[in-house]
Amino acid sequence: QVQLVESGGGRVQAGDSLRLSCAASGRTFSNYAMGWFRQAPGKEREFVAVISWSGGITYYADSVKGRFTISRDNSKNTVYLQMNSLELEDAAVYYCASGNRYRYTGQGQQDFGAWGQGTQVTVSS
């Protein structure tokens, strides 16, 4: 029902910043939570951040807290992930996901029903 497309990935040096975007289409965007997950080669996909339907509540994984900021612009059907002070451990494919329940915010993969194709983030020393 909903389609998600990530963009903004690339190669940066440790300590630099990067801003990811996720554009949604095919469904009403504003009534659902939006999240970011990431997966490094050979590792499981892990939670990064989530934002509630109206943007009033956010939650971050401990590994990115204080460095990453999730935000959304419902008028543009877009969610963002501002990544600052990037570390080597942040290198991964980043996926955008849409919540699967009306105005419900969760942090588990089971709380999201649609996923984007992913965008690669590479961090070099």
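This is a predicted model: local features need pLDDT of at least 70, side-chain atom pairs count only at pLDDT 80 or more; totals for chains, interfaces and linings use all residues.
Local features need pLDDT of at least 70, side-chain atom pairs count only at pLDDT 80 or more, and totals for chains, interfaces and linings use all residues. Residues are numbered from 1 along each chain as its sequence is written, and side-chain values use heavy atoms, with hydrogens and water left out.

Start with the strands (DSSP E runs of at least two residues, numbered from the N terminus). Strand β2 covers residues 10–13 and runs parallel to β11, joined by 4 bridges. Two strands pair if DSSP finds at least two bridges between them. Gly10 sits opposite Val121 of β11. β11 also pairs with β9, in the antiparallel sense, over 3 bridges. Here Ala92 has Val121 as its bridge partner.

Now go inside. A nonpolar core is a set of buried Ala, Val, Leu, Ile, Met, Phe, Trp, Tyr and Cys residues joined through side-chain atoms within 4.5 Å. Buried means under 20% relative accessible area, exposed over 50%, partly exposed in between (1.4 Å probe, protein chains only). The largest such core holds 35 residues, and Trp36, Val79, Leu81, Met83 and Tyr94 touch the most other members. Strands that each supply at least two residues include β3 (18–25), β8 (78–83) and β9 (92–99). β5 gives the most, with 5 residues.

Val48 lies in β5. Val48 counts as buried because its relative accessibility is 0%. Its contacts (heavy atoms within 4.5 Å), leaving out residues up to four places away in sequence, include Trp36, Tyr60, Leu81 and Tyr94. Val79, by the same rule, touches residues including Cys22, Trp36, Ile51 and Cys96.
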